[in-house]
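Have the viewer open and follow along.

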Amino acid sequence: METNFIYSLLGNNLLGYLAVCILPLVFLIVYALVAILGELKIGAFMQDRLGPMRTGPWGTIQPIAEVVKLLQKENITPDAASKFLFNLAPFIIFTAAFAAFAVIPFSPKFVPSGINLGLFYIFAIGSFAVIGIFMGGWASNNKYSLLGAVRSVAQIISYEIPAGMAILSIAALAGTLDMNEIITKQSGWFTNWYIFGGSGSALRILFLPFTFGIFVIYLIASLAETNRTPFDIPEGESEIVAGYHTEYSGMKFAMFFFAEYANMFVVSALLTIMFFGGWNSPFGDFMSGPIWAVVWFLGKSMSFIFLQIWLRWTLPRLRVDQLMYTGWKVLLPISFVCFFAIALLAMLK
Amino acid sequence: MGERKIIEYDFGKVATERMRVNVGPQHPSTHGVLRLEVELEGEIVTEVVPHIGYLHRCFEKYAEEKTYPQVIPYIDRLDYISSMNNEWPYVMGMEKLLGIEVPERVEYIRVIFAELNRIANHQIAVATFGMDAGAFTPFLYFFRDREMILSLFERASGGRLLYNYYWIGGLAADVPPTFKEECLNIVKTVRKTNAEIDNLLIYNKIFIERAANVGILPADVAINYACSGPVLRGSGVPFDLRKSEPYSIYNRFDFNVQVGKGEVGTVGDCWDRNIVRMREMEESCKIIEQAVVQMPDEGNVQEKLPKKIKPAAGEIYCKAENPKGELGFYIVSDGTAKPYRVKCRPTSFVNLSVLPEISKGYMIADLILILGSVDIVLGEVDR
């Protein structure tokens, strides 16, 4: 199946490759601006205030103003920092976040790189960011940064295991790691989504608690992996100022910022793909097709972005030992139980 | 195959390098320019040394150079969150020193404004405590309501933060005509928001996990450190100057002294200190409701006083229940127009002294919460 409309448009040449690379980047920038505005405005709505109102109509230009501000700022490198590593870290983090976009199926006709190990690839490349975070935190030569980096590494590594169990469960259900294939297997009505056990035998009703459970586990783990509230401990403002990016300013700070938003989208996209049928329409053939697919996919993903923003403005922050407790002693055993149940379901099908 | 050797290894004794971290004076959650020198072992706090004095403004020395009424604006700047309450013990002491009685209407207005300011102070205390725990939204809900109280203060005194409203022998000005309705309106809003905050923050599972069983202050330690206010009451000691030594007209009102009961953890933990503040807002609402009904509609708000206030030589210590605890002024008069000495018994300073005692052995995230639960204002700590 041809999974990339750009190659059929421009051909398999350098121009085509370039276009395939640039398109997700353009999408990422536009999405980040929208998400920043969403964060500001949704936060304002929940807190009974207006949010930005002066820059452009209803404050819509505010994210652009913020990016311009960050671009203009001086790039400060602390004297005592390890300069090479300090400057390298933001790029590693951003690269890791952006590389995940290579396999995200926006539509049946557009996957930047249609490799058959998509899920595994995202999982692997997601772990890559830890190196950047630790590099940045340690190279800053700041005690707050170091504390933040240590917390972050501990957090991401612990929560990768329940997240991995969730991915494994989906792999067992779908029998493949290819993103587009996983989505294709969930086509039809929304009852065929993997959160409802996927298509097939009526027996899946019995497994509903497990599929739903593994969804919740992945949701929690993904919040922890993107350092969002209630797991924003690595950058816990009230304790360690800004965690691993305390010393960063200007464009290097913006890189961290972009990476965080990119990661938010990646986990939302994964939730959509693994549990909510990806680009499938919820109502069978109603509004399906490659163009509608993009709408469905972005719509579902953005709902999860909204959920993350909502949680951020509602919940307090956990403490670092409580985070570890939740990860190892609550999520991990439950995820194992869910995995075994789902594996049973996959066998019965 | 040799014999298996069992290696005993006590992981508690693994030597790790301790890290000394400066928390403050520029830090998002030291509530002002407080510097805490913290020694950390990993994430565990082993030692806390508060360094104060970044906001020292020589209040007591200034007071010796000013006439008696001129001291009041400096008192406003001590605990700038609850200026109305600060002024009260000073003017009350001066009135006792001069031997004058204030009109009844003045007493009622003073009670109402002091209780409103208590609500405003506790709102900030709970709000910042929530923010230290990472919950940002309740902070803004409280600030929205505090706005109503501040605008009422502004219409009465002209100031939004520093009022200079309680004068020796009365008040700076009369209250606005719609005073009573506005007070009742504020009480209604405060109750509504507090019910909301109970759901959103106070009984939130994560918040309880964070605040309960943390920073436990036993009652005897609290008494030994001379703590007062919600910090003392959070440890279960029902000591409130309004009840135990009623000053002004507090014996006319029906209200309870709220104490920490260890509802979700141990008596005297951060959650208890916080819940005492939440419940005290409700008690203040009760007092305001009663005072608004009893308050005379008409009347003088300023006693006639000589132009130059010259109390006879003598001394007095006058104290009142501030939102943060017992605030007292020791005034020495030598018969001139300027006080010989004004010594302040600061609440926050005394309460802060217990911090190193109760924060050892907890994590750095807890230290911030414990500091937030003690509720200090650096303006008063440093004076």
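What follows goes through the sheets, the helix pairs, the domains and the chain contact.

First, some housekeeping. This is a predicted model, so keep in mind that local features need pLDDT of at least 70 and side-chain atom pairs count only at pLDDT 80 or more, while totals for chains, interfaces and linings use all residues. Residues are numbered from 1 along each chain as its sequence is written, and chains are lettered from A and ligands numbered from 1 in the order in which they are written.

**The sheets of chain B**

Start with the open sheet of chain B that has three strands in the order S1-S2-S3, paired antiparallel. Helices (H or I, at least four residues) and strands (E, at least two) are DSSP runs, numbered from the N terminus, and two strands pair if DSSP finds at least two bridges between them. The edges of this sheet are strand S1 (19-23) and strand S3 (44-51) of chain B, each pairing on one side only. On average, neighbouring strands here are turned by 20° against each other, direction ignored. Angles run from 0 to 180 degrees between N-to-C directions, and axes are lines fitted to C-alpha atoms, for helices over the stretch in contact. S1(B) pairs with strand S2 (residues 35-41) of chain B over five bridges, in the antiparallel sense. To find your place in that pair, look for Val23(B), which stands opposite Leu36(B) in S2(B).

Chain B has another open sheet of three strands, in the order S6-S7-S8 and again with antiparallel pairing. Strand S6 (314-322) and strand S8 (341-345) of chain B each have a single partner strand, so one side of each is left without a neighbour in the sheet. Neighbouring strands of this sheet are turned by 15° against each other on average, direction ignored.

S6(B) and S7(B) pair over nine bridges, and a hairpin of two residues joins them. In that pair, Glu321(B) has Glu326(B) in S7(B) as its bridge partner.

What lies across S6 and S7 of chain B? Helix H3 (residues 83-98) of chain B does, running at about 150° to S6(B).

| Helix pair | Angle | Axis distance |
|---|---|---|
| H4 (residues 104-132) and H11 (residues 270-294) of chain B | about 160° | 9 Å |
| H2 (residues 14-46) and H3 (residues 62-72) of chain A | about 110° | 8 Å |

With that angle, H4(B) is roughly antiparallel to H11(B), whereas H2(A) is roughly perpendicular to H3(A). Angles under 35 degrees count as roughly parallel, over 145 as roughly antiparallel, 65 to 115 as roughly perpendicular and the rest as oblique. H4(B) and H11(B) make a left-handed crossing; H2(A) passes H3(A) in a right-handed one. A crossing is left-handed if the near helix is turned anticlockwise from the far one by less than a right angle, and right-handed if clockwise.

Residues of H4(B) in the contact include Ile112(B), Leu116(B), Ile119(B) and Phe129(B), and those of H11(B) include Met278(B), Met281(B), Ile288(B) and Val292(B). Two residues are in contact if their C-beta atoms, placed from the backbone, lie within 7 Å. By class, the contact of H4(B) with H11(B) has 14 nonpolar, four polar and four charged residues. Ala, Val, Leu, Ile, Met, Phe, Trp, Tyr, Cys and Pro count as nonpolar, Asp, Glu, Lys and Arg as charged, and the others, Gly among them, as polar.

In chain A, Leu33(A), Ile36(A), Leu37(A) and Leu40(A) of H2(A) meet Gln62(A), Pro63(A), Ile64(A) and Glu66(A) of H3(A). That contact has six nonpolar, one polar and one charged residues.

**Domains and the chain contact**

Chain B is assigned domain 1 (11-48) and domain 2 (56-382); such bounds come from an automatic or database domain assignment. Their C-alpha centres lie 30 Å apart. In the contact between them, 14 residues of domain 1 of chain B touch 17 residues of domain 2 of chain B. S3(B) gives the most to the domain 1 side, with five residues.

Between the chains, the contact takes 22 residues from chain A and 27 residues from chain B. Helix H9 (237-240) and helix H12 (320-348) of chain A each supply at least two residues of the chain A side. That side divides into eight nonpolar, six polar and eight charged residues.
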